[in-house]
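Please keep the viewer open while you read.

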Amino acid sequence: MTKDSSHTGDSGDTPPDAPDTDRAAQRGIQSIEVGGQLLRALVHHGRPMALKDLAREADMTPAKAHPYMVSFGRLGLIEQDRASGHYLLGPLALQLGLISLQQADPVHLATPLLSPLAQQIGHTVALAVWGARGATIVRTAESPSPVHVTMRHGTVFSLTNTASGRIFAAYLDADAVRQLLEEERQRQKPRKGAAELAALAGMPPVQPLPSWSDFERQLKEVRAHGISRSDGEVIEGVSAMAAPVFDHTGAIVLAVTAIGPAGVFDTAWDGELSRALKACAGTVSQRLGAPAAGASGSSKPER
(Lines give C-alpha, C1' and ligand atoms only; values in the text may rest on other atoms or scores of the structure.)
Protein backbone atom coordinates (compact mmCIF):
# COMPACT_ATOMS: atom_id res chain seq x y z
CA MET A 1 0.00 0.00 0.00
CA THR A 2 1.52 3.32 -1.09
CA LYS A 3 1.04 6.80 0.30
CA ASP A 4 -0.68 9.30 -2.02
CA SER A 5 1.89 12.08 -1.64
CA SER A 6 0.49 13.98 -4.61
CA HIS A 7 -2.53 14.94 -2.52
CA THR A 8 -1.43 15.10 1.11
CA GLY A 9 2.26 15.89 0.86
CA ASP A 10 2.45 15.37 4.66
CA SER A 11 6.06 15.10 5.73
CA GLY A 12 5.11 13.66 9.12
CA ASP A 13 7.43 16.06 10.92
CA THR A 14 4.67 18.00 12.66
CA PRO A 15 2.37 16.34 15.23
CA PRO A 16 -1.26 16.47 14.10
CA ASP A 17 -2.32 18.40 17.20
CA ALA A 18 0.54 20.93 17.10
CA PRO A 19 -0.40 24.62 16.90
CA ASP A 20 -0.58 26.00 13.37
CA THR A 21 2.25 28.50 13.95
CA ASP A 22 3.93 28.27 10.56
CA ARG A 23 1.56 27.52 7.71
CA ALA A 24 4.27 27.87 5.09
CA ALA A 25 6.25 25.04 6.70
CA GLN A 26 3.27 22.68 6.79
CA ARG A 27 1.71 20.87 3.90
CA GLY A 28 -1.94 20.19 3.38
CA ILE A 29 -4.28 18.52 0.94
CA GLN A 30 -4.08 20.45 -2.28
CA SER A 31 -7.44 19.34 -3.65
CA ILE A 32 -9.21 20.70 -0.55
CA GLU A 33 -7.48 24.05 -0.93
CA VAL A 34 -8.41 24.19 -4.61
CA GLY A 35 -12.04 23.34 -3.93
CA GLY A 36 -12.06 25.81 -1.08
CA GLN A 37 -11.75 28.63 -3.60
CA LEU A 38 -15.29 27.84 -4.72
CA LEU A 39 -16.56 28.24 -1.16
CA ARG A 40 -14.60 31.49 -0.84
CA ALA A 41 -16.30 32.83 -3.95
CA LEU A 42 -19.73 31.87 -2.63
CA VAL A 43 -19.04 33.57 0.71
CA HIS A 44 -17.53 36.65 -0.91
CA HIS A 45 -20.55 37.32 -3.11
CA GLY A 46 -23.07 36.43 -0.42
CA ARG A 47 -25.74 35.27 -2.86
CA PRO A 48 -26.64 32.13 -4.83
CA MET A 49 -24.38 31.71 -7.86
CA ALA A 50 -24.39 29.73 -11.08
CA LEU A 51 -21.71 27.08 -11.56
CA LYS A 52 -20.06 28.97 -14.40
CA ASP A 53 -19.76 32.12 -12.26
CA LEU A 54 -18.36 30.20 -9.31
CA ALA A 55 -15.85 28.46 -11.55
CA ARG A 56 -14.75 31.75 -13.08
CA GLU A 57 -14.23 33.28 -9.63
CA ALA A 58 -12.14 30.27 -8.59
CA ASP A 59 -10.15 30.36 -11.84
CA MET A 60 -11.20 26.90 -13.04
CA THR A 61 -13.47 25.39 -15.67
CA PRO A 62 -17.09 24.44 -14.83
CA ALA A 63 -16.22 20.82 -15.57
CA LYS A 64 -13.49 20.91 -12.93
CA ALA A 65 -15.63 22.78 -10.43
CA HIS A 66 -18.67 20.49 -10.64
CA PRO A 67 -17.22 17.44 -8.78
CA TYR A 68 -16.16 19.68 -5.92
CA MET A 69 -19.68 21.08 -5.66
CA VAL A 70 -21.13 17.56 -5.64
CA SER A 71 -18.88 16.60 -2.72
CA PHE A 72 -19.59 19.82 -0.86
CA GLY A 73 -23.30 19.13 -1.33
CA ARG A 74 -22.98 15.67 0.17
CA LEU A 75 -21.26 17.19 3.21
CA GLY A 76 -23.93 19.87 3.58
CA LEU A 77 -21.52 22.73 2.91
CA ILE A 78 -23.54 23.85 -0.09
CA GLU A 79 -26.94 23.16 -1.58
CA GLN A 80 -28.45 23.73 -5.00
CA ASP A 81 -31.63 25.61 -5.71
CA ARG A 82 -33.85 23.25 -7.71
CA ALA A 83 -35.51 25.99 -9.72
CA SER A 84 -32.50 28.04 -10.80
CA GLY A 85 -29.69 25.50 -10.37
CA HIS A 86 -27.70 28.13 -8.45
CA TYR A 87 -25.56 27.15 -5.50
CA LEU A 88 -25.82 28.57 -1.99
CA LEU A 89 -24.34 27.76 1.40
CA GLY A 90 -25.77 24.66 3.02
CA PRO A 91 -26.80 23.75 6.58
CA LEU A 92 -23.36 22.57 7.69
CA ALA A 93 -21.79 25.85 6.54
CA LEU A 94 -24.43 27.75 8.53
CA GLN A 95 -23.78 25.65 11.64
CA LEU A 96 -20.03 26.21 11.31
CA GLY A 97 -20.59 29.93 11.02
CA LEU A 98 -22.80 30.08 14.10
CA ILE A 99 -20.35 28.06 16.18
CA SER A 100 -17.49 30.27 15.01
CA LEU A 101 -19.40 33.38 16.08
CA GLN A 102 -20.13 31.84 19.49
CA GLN A 103 -16.44 31.09 19.99
CA ALA A 104 -15.21 34.48 18.79
CA ASP A 105 -13.86 36.61 21.64
CA PRO A 106 -13.42 40.23 20.51
CA VAL A 107 -10.61 41.00 22.97
CA HIS A 108 -8.80 37.76 22.11
CA LEU A 109 -9.03 38.50 18.39
CA ALA A 110 -7.93 42.13 18.70
CA THR A 111 -5.06 41.79 21.20
CA PRO A 112 -2.44 40.45 18.73
CA LEU A 113 -3.06 43.48 16.49
CA LEU A 114 -2.26 46.06 19.18
CA SER A 115 1.55 45.94 19.24
CA PRO A 116 1.91 46.08 15.43
CA LEU A 117 -0.54 49.00 15.38
CA ALA A 118 1.43 50.87 18.07
CA GLN A 119 4.61 50.34 16.05
CA GLN A 120 2.88 51.52 12.86
CA ILE A 121 1.42 54.75 14.21
CA GLY A 122 4.02 55.52 16.89
CA HIS A 123 1.48 56.01 19.69
CA THR A 124 0.14 54.03 22.62
CA VAL A 125 -2.96 52.02 21.72
CA ALA A 126 -5.55 50.25 23.82
CA LEU A 127 -8.71 48.19 23.70
CA ALA A 128 -11.74 49.38 25.62
CA VAL A 129 -14.90 47.42 26.36
CA TRP A 130 -18.20 48.75 27.65
CA GLY A 131 -18.40 47.95 31.36
CA ALA A 132 -20.71 48.75 34.24
CA ARG A 133 -19.17 52.22 34.65
CA GLY A 134 -18.50 52.98 30.99
CA ALA A 135 -15.73 52.45 28.44
CA THR A 136 -12.96 50.56 30.26
CA ILE A 137 -9.41 49.73 29.16
CA VAL A 138 -8.66 45.99 29.11
CA ARG A 139 -5.51 45.80 26.93
CA THR A 140 -2.69 48.22 26.07
CA ALA A 141 0.39 48.39 23.87
CA GLU A 142 2.83 51.21 24.49
CA SER A 143 4.25 53.49 21.85
CA PRO A 144 7.79 52.81 20.62
CA SER A 145 8.52 56.53 20.92
CA PRO A 146 10.64 57.67 23.90
CA VAL A 147 8.04 60.36 24.62
CA HIS A 148 4.56 58.90 24.86
CA VAL A 149 1.37 58.82 26.89
CA THR A 150 0.51 55.69 28.84
CA MET A 151 -2.85 54.15 29.67
CA ARG A 152 -3.59 51.80 32.55
CA HIS A 153 -5.75 48.70 32.61
CA GLY A 154 -9.06 49.35 34.30
CA THR A 155 -9.17 53.05 33.45
CA VAL A 156 -12.77 54.17 32.85
CA PHE A 157 -13.34 56.87 30.23
CA SER A 158 -15.84 59.68 30.52
CA LEU A 159 -18.86 59.26 28.28
CA THR A 160 -18.81 62.81 26.97
CA ASN A 161 -15.28 64.19 26.77
CA THR A 162 -13.15 61.24 25.67
CA ALA A 163 -12.76 59.60 22.28
CA SER A 164 -13.50 56.14 23.68
CA GLY A 165 -16.58 57.28 25.57
CA ARG A 166 -18.04 59.04 22.56
CA ILE A 167 -17.39 56.14 20.16
CA PHE A 168 -19.48 53.85 22.37
CA ALA A 169 -22.12 56.54 22.87
CA ALA A 170 -22.42 56.94 19.10
CA TYR A 171 -23.40 53.30 18.56
CA LEU A 172 -25.14 52.24 21.77
CA ASP A 173 -28.90 52.52 22.22
CA ALA A 174 -29.84 56.21 22.29
CA ASP A 175 -32.16 55.90 25.30
CA ALA A 176 -29.47 54.12 27.30
CA VAL A 177 -26.89 56.76 26.35
CA ARG A 178 -29.23 59.58 27.38
CA GLN A 179 -29.69 57.92 30.77
CA LEU A 180 -25.93 57.55 31.14
CA LEU A 181 -25.45 61.21 30.32
CA GLU A 182 -27.86 62.17 33.11
CA GLU A 183 -26.08 59.85 35.55
CA GLU A 184 -22.76 61.46 34.64
CA ARG A 185 -24.34 64.87 35.14
CA GLN A 186 -25.42 63.87 38.65
CA ARG A 187 -21.96 62.61 39.51
CA GLN A 188 -20.44 65.86 38.29
CA LYS A 189 -22.51 68.08 40.55
CA PRO A 190 -19.98 70.19 42.46
CA ARG A 191 -19.28 69.32 46.05
CA LYS A 192 -18.41 71.92 48.63
CA GLY A 193 -14.75 72.89 48.33
CA ALA A 194 -14.11 70.51 45.38
CA ALA A 195 -13.17 73.30 42.96
CA GLU A 196 -10.72 74.80 45.43
CA LEU A 197 -9.06 71.45 46.10
CA ALA A 198 -8.74 70.76 42.37
CA ALA A 199 -7.12 74.15 41.80
CA LEU A 200 -4.62 73.54 44.60
CA ALA A 201 -3.75 70.16 43.08
CA GLY A 202 -3.14 71.79 39.69
CA MET A 203 -6.06 70.00 38.05
CA PRO A 204 -8.00 71.75 35.26
CA PRO A 205 -11.53 72.89 36.12
CA VAL A 206 -14.26 70.36 35.33
CA GLN A 207 -15.95 71.22 32.04
CA PRO A 208 -19.76 71.33 32.05
CA LEU A 209 -21.47 68.42 30.32
CA PRO A 210 -23.22 69.08 27.01
CA SER A 211 -26.97 69.12 26.71
CA TRP A 212 -28.53 66.06 25.09
CA SER A 213 -29.15 67.91 21.82
CA ASP A 214 -25.54 69.15 21.70
CA PHE A 215 -24.25 65.67 22.51
CA GLU A 216 -26.42 64.15 19.78
CA ARG A 217 -24.81 66.52 17.26
CA GLN A 218 -21.37 65.37 18.39
CA LEU A 219 -22.37 61.72 18.05
CA LYS A 220 -23.80 62.32 14.59
CA GLU A 221 -20.41 63.68 13.54
CA VAL A 222 -18.71 60.61 15.01
CA ARG A 223 -20.98 58.28 13.02
CA ALA A 224 -20.45 60.31 9.87
CA HIS A 225 -16.67 59.79 10.08
CA GLY A 226 -16.71 56.33 11.66
CA ILE A 227 -14.26 57.46 14.35
CA SER A 228 -14.15 59.78 17.36
CA ARG A 229 -11.46 62.17 18.53
CA SER A 230 -10.52 64.19 21.59
CA ASP A 231 -8.00 67.03 21.69
CA GLY A 232 -6.90 68.17 25.13
CA GLU A 233 -10.31 67.68 26.72
CA VAL A 234 -9.12 65.60 29.68
CA ILE A 235 -5.46 66.58 29.92
CA GLU A 236 -4.06 69.59 28.11
CA GLY A 237 -1.59 68.57 25.40
CA VAL A 238 -2.93 65.01 25.07
CA SER A 239 -5.04 63.84 22.12
CA ALA A 240 -6.84 60.60 21.35
CA MET A 241 -8.86 58.84 18.67
CA ALA A 242 -11.03 55.74 18.87
CA ALA A 243 -12.51 53.44 16.23
CA PRO A 244 -15.43 51.02 16.75
CA VAL A 245 -15.42 47.23 16.49
CA PHE A 246 -18.75 45.57 15.68
CA ASP A 247 -19.91 41.97 16.10
CA HIS A 248 -22.03 39.87 13.74
CA THR A 249 -25.22 41.62 14.87
CA GLY A 250 -23.78 45.05 14.10
CA ALA A 251 -23.47 45.94 17.80
CA ILE A 252 -20.37 47.76 19.05
CA VAL A 253 -18.23 45.50 21.26
CA LEU A 254 -14.83 47.21 21.40
CA ALA A 255 -13.07 50.51 20.87
CA VAL A 256 -9.56 50.59 19.43
CA THR A 257 -8.07 53.73 20.95
CA ALA A 258 -4.84 55.63 20.32
CA ILE A 259 -3.47 58.35 22.60
CA GLY A 260 -0.46 60.61 22.34
CA PRO A 261 1.09 64.07 22.74
CA ALA A 262 -1.00 66.64 20.86
CA GLY A 263 2.02 68.12 19.07
CA VAL A 264 2.69 64.91 17.14
CA PHE A 265 -0.78 63.35 17.15
CA ASP A 266 -2.74 63.60 13.90
CA THR A 267 -6.42 64.09 14.70
CA ALA A 268 -7.50 64.68 11.09
CA TRP A 269 -10.72 62.78 10.38
CA ASP A 270 -9.15 61.09 7.36
CA GLY A 271 -5.48 61.25 8.35
CA GLU A 272 -3.06 58.34 8.39
CA LEU A 273 -3.68 57.66 12.07
CA SER A 274 -7.44 57.61 11.59
CA ARG A 275 -7.14 55.24 8.63
CA ALA A 276 -4.84 52.90 10.57
CA LEU A 277 -7.21 52.75 13.54
CA LYS A 278 -10.24 52.11 11.32
CA ALA A 279 -8.37 49.44 9.36
CA CYS A 280 -7.44 47.62 12.57
CA ALA A 281 -10.98 47.87 13.95
CA GLY A 282 -12.39 46.78 10.59
CA THR A 283 -10.19 43.68 10.57
CA VAL A 284 -11.49 42.61 13.97
CA SER A 285 -15.08 43.42 12.96
CA GLN A 286 -14.70 41.27 9.86
CA ARG A 287 -13.40 38.36 11.93
CA LEU A 288 -16.40 38.73 14.21
CA GLY A 289 -18.73 38.49 11.21
CA ALA A 290 -19.86 42.12 11.25
CA PRO A 291 -22.02 43.26 8.31
CA ALA A 292 -19.77 44.73 5.63
CA ALA A 293 -21.49 48.12 5.68
CA GLY A 294 -21.08 48.37 9.44
CA ALA A 295 -17.45 47.37 9.62
CA SER A 296 -16.21 50.94 9.52
CA GLY A 297 -19.14 52.41 11.38
CA SER A 298 -19.93 55.02 8.73
CA SER A 299 -22.97 53.17 7.38
CA LYS A 300 -24.77 52.56 10.65
CA PRO A 301 -28.36 53.84 10.65
CA GLU A 302 -29.20 57.18 12.17
CA ARG A 303 -30.95 57.02 15.51
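The report below goes from the whole chain to the sheet, and then to one helix and its surroundings.

**Ground rules**

This is a predicted model, in which local features need pLDDT of at least 70 and side-chain atom pairs count only at pLDDT 80 or more, while totals for chains, interfaces and linings use all residues. Residues are numbered from 1 along each chain as its sequence is written, and side-chain values use heavy atoms, with hydrogens and water left out.

**The whole protein**

The protein has ten helices and seven strands; these are DSSP runs numbered from the N terminus, with helices being H or I of at least four residues and strands E of at least two. Of its 303 residues, 37% count as buried (under 20% relative accessible area, with exposed over 50% and partly exposed in between, using a 1.4 Å probe and protein chains only). Among contacts (heavy atoms within 4.5 Å) with a separation of 6 or more, 57% link residues 24 or more positions apart.

**The sheet**

An open, antiparallel sheet is built from five strands in the order S4-S3-S7-S6-S5, where two strands pair if DSSP finds at least two bridges between them. Strands S4 (134-141) and S5 (228-231) are at the edges with a single partner strand each, so one side of each is left without a neighbour in the sheet. From one strand to the next, the twist averages 25°.

S3 (residues 124-131) and S7 (residues 252-261) are antiparallel and joined by five bridges; Thr124 has Ile259 as its bridge partner in S7.

**Helix H6**

Which strands does helix H6 lie across? Helix H6 (residues 163-171) lies across S3, S4, S5, S6 (238-246) and S7, and runs at about 30° to S6 (axes are lines fitted to C-alpha atoms, for helices over the stretch in contact, and angles run from 0 to 180 degrees between N-to-C directions). Nine of the nine residues of H6 are buried, so the helix is largely enclosed by the rest of the structure.

The axes of H6 and H9 (residues 212-225) come within 9 Å and cross at roughly 90°. That makes H6 roughly perpendicular to H9, a label for angles of 65 to 115 degrees. Arg166, Ile167, Ala169, Ala170 and Tyr171 of H6 make this contact with Phe215, Gln218, Leu219, Val222 and Arg223 of H9.

Ser164 is in helix H6, while Thr162 is in the loop between S4 and H6. Their relative accessibilities are set out here.

| Residue | Relative accessibility | Class |
|---|---|---|
| Ser164 | 1% | buried |
| Thr162 | 7% | buried |

The side chain of Ser164 makes a polar contact with the side chain of Thr257 at 2.6 Å. Beyond its neighbours within four places in sequence, Ser164 is in contact with Ala135, Phe157, Ser228, Ala242 and Thr257. A polar contact is a pair of N or O atoms within 3.5 Å; within protein, one must be able to donate a hydrogen and the other to accept it, and residues adjacent in sequence count only if both atoms are side-chain atoms.

A polar atom of the Thr162 side chain lies 3.0 Å from the backbone nitrogen of Gly165. Again leaving aside neighbours within four places in sequence, Thr162 is in contact with Phe157, Ser230 and Val234.

Conventions. Parallel < 35°, antiparallel > 145°, perpendicular 65-115°, else oblique.
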